[in-house]
Amino acid sequence: MAKCGIGGQWPETWISLCLPLLVVIYPEGISAQVRYSIQEEVKAGTVVGNVAKDLGLETGRLLERNLRVVSGTKQEQFKVNQKDGVLSVHQRLDREDLCGNSVPCIANLKVVVENPLEMHQILVEVLDVNDNSPRFLDDNCTLEVLESALIGSKLQVEGAQDLDVGLNTVQMYRLNHNPFFHLETEDFGEEGKVPFLVLQRPLDRENAARHQLLLTAADGGKPPKTGTINITVIISDVNDNAPVCEHQKHSITVKENAPVGTYLLTVKASDSDEGLNGEIEYSLRSKLRGLSSMPFELNKKTGELTVKEDLDFEERQVYEIKVMAADKGAVSLSTQCNVVVRVEDVNDNRPKIDITSLVSRIAEDAPLGTVVALVGVHDMDAGVNGQVVCSLPENLPFALKSSPDGQSYSLVTKDYLDKEREHVYDITITAKDLGTPPMSSAQVIRVDVLDVNDNRPLFTESPYTFYVLENNKAGVSLFSVSANDADGEENAAVTYSLQRKSESVTSFLNIHEGTGTISALKSFDFETLKSFQFQVVATDGGSPPLSSNVTVKVFILDQNDNAPVILYPVSSNGSAQGVEEIPRNIKAGDLVTKVRAYDADIGYNGWLLFSLQRVSDHSLFSLDRYTGQIRTLRSLTETDEAEHRLLILVKDNGNVSLSATATVTVKPVEPKEAFAASDVKSAATVYEEDNVTFYLMITLGSVSLLFVISIIVLIAMQCSKSTEYTSKYLQETNYDGTLCHSIQYRSGDKRYMLVGPRMSIGSTIVPGSHANTLVLPDRRHTSGEVRNKYFLLR
């Protein structure tokens, strides 16, 4: 049997560098492709090329943009300098380990930079150098030949193997000079050149029982490398026929998931000898020493080849098997039958997803097409089983854009984002191959949406309406407004301020900028200010800030803070005293006099009632509690007193009633005297009446002026706002013994009126209004009068 060993030494390597061959511009994440060439076995640190220069990247920003190389393999053969962009060899390059017999040997690299994210494809072709010597399976081989062998008989010698490719593999064989054999070679295609020893003269075992030959294999390198094998040719005069293979070369394909025990083929050989010299046994021989054991089993008797272990296409695709057929002669003769087993890929590997770059936080106003992540995918299977398609769930504002080679994707935005609608996205990227059945894998990317200030503060009401009692305490909070902002964090922090368009109003108001609480810097007086309005501005904390405003309407409510004022009787010294002379023939029900008074308050607070506190004769005089008219209850008699003194109390109807008193002295006189006194008195009281009239004119003029101003303001409000929020005020003054007030206003399709002691009979009290508001019909009735209280709007 032949015994083989390893000999020879590795030659020195040499370097050949090439400039970039191709630059192609692509859209989105994959933007360029550059190709370099470098020979194997160069030293670590050998420069391959300047990636930054060839890709047109700005050298000064390489470190800032995190320039890096992604090779996709367990070992990084190349590295890039982040300062100058030079691509160099990081680890020893061995073309045989990287690619085996594949030509050309391409290393596919990806260069990634950020800010903005870019991915560039770098192809580095590793060129073969003559770093492997031809090797025979054994250092020594033994061949047997019958002495009866004819001239021209051929003895096959197992050829040498060289891991290099092209011209660097085995090119020729040389046989040392001897008189019996010369060398011939035959080309077997993938097997390469196979050497044969050709007998050139008859053999004589008795003269020479064996011959020692030296076979040298040389490759085509410069200088060439060689390998040798010692061949011992034993001359025998028995068993002179070696087995012959029925087929010199067998080829079969098997799926990688074939179960253990799967039958592949049968190797058959024949031997024309008889007996043990013609009985053949089969055995497996590895093509190269040092390889792992074959995952196949050969029946030594039948030559059936079956699967012994699990196959893996990703680990090895082709097995070249040597089947030795040897007879059982005393000196066994053998031949080799070649079997090539090709492993067919099945879809047994799931795609793998690599997130090479990721921007985990993106602003909600990011433009369409913004790159969020660069995704690399690969599948260890081959053909359609290794073709991968990536997809995203529907209804996401993101899309995947594929690179030209289909091995990378850019995750970009396809719709505008909205932080208020969705603040975080868990994006599931699904990678699915095209195998049958397909296999898939998924990876989740979380992207946080950053808030931008794109929402204005919104008030909870618009407009605001508040009612405030007069005589409030200065500096105490009256009411508050509130606004909400849909943004987050500082963009939603709302501050409040008063709009300074009307300095006259905002000058006595203050607002807390954090809470929106509004306080007054002074006390309100209903008699001087009945309503006002202003605007509050809410501003968020964004940059730039956004704001909105709202109108605040404030109505001052009356309190009973004014006591009744007696207008008549008034004496010359200003006291509420008067003397009335009546004729003795006065009849029952005649008017004696009328007490006149007014109250600056309105509603219940301004509704005056008259009552007799003291009177000398209760049977003689009566007092109308609403009008203040004093009338006689009966005619005068001789027994009646000559002078009657009446003390009249005038009080309002406030919760805490305020009052004033008037004293009227009534003197009965003869009719003629009464008439004369009446003339004198008329002349004397003209001046007093003129004074009363003067005060009444001032009062009525002030009220009229306020009425005109109110009409103008309300007309302006009516023109600028809807009738739903418009209130129309109308002040009227009636004088029928008591100075009365009435206020009309409108809300929706109804008109309301606040009245004093006298009002129209056609007015009706609104149910549920707490008896303080009247509803006016469309047409006012003038017939009759109804006495009622002065109601206060609450």
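Accessible areas here come from the Shrake-Rupley method with a 1.4 Å probe, and by that method the surface of this protein, which we look at as a predicted model, comes to about 40700 Å², with 51% of it belonging to carbon and sulfur atoms. Of the protein's 794 residues, 45% count as buried, and the chain contains four helices and 57 strands.

Now to the aromatic residues, where a search of the whole structure finds 12 pairs. Why does the pair of Phe296 and Tyr319 count as edge-to-face? The planes of the two rings stand at 85°, and over 60 degrees counts as edge-to-face, while the ring centres are 5.2 Å apart. Phe296 belongs to strand β21 and Tyr319 to strand β23, 23 residues apart; Phe296 is buried at 2% relative accessibility, and Tyr319 is buried at 9%.

Phe508 and Phe532 also form an edge-to-face pair, with centres 5.5 Å apart and planes at 80°. Because Phe508 sits in the loop between α3 and β38 and Phe532 in strand β40, this pair ties together parts that are 24 residues apart in sequence.

Finally, Lys530 lies over the face of Phe526, at 4.6 Å from the ring centre.

Methods: Residues numbered from 1 in each chain as written. Predicted model: local features only at pLDDT ≥ 70, side-chain atom pairs only at ≥ 80, totals over all residues. Heavy atoms only, no water. Helix = DSSP H or I, 4+ residues; strand = E, 2+ residues; numbered from the N terminus. Buried < 20%, exposed > 50% of the residue type's maximum accessible area, 1.4 Å probe, protein only. Phe/Tyr/Trp six-rings, centres within 6.5 Å; stacked < 30°, edge-to-face > 60°. Lys NZ or Arg CZ within 6 Å of the ring centre and 35° of its normal.
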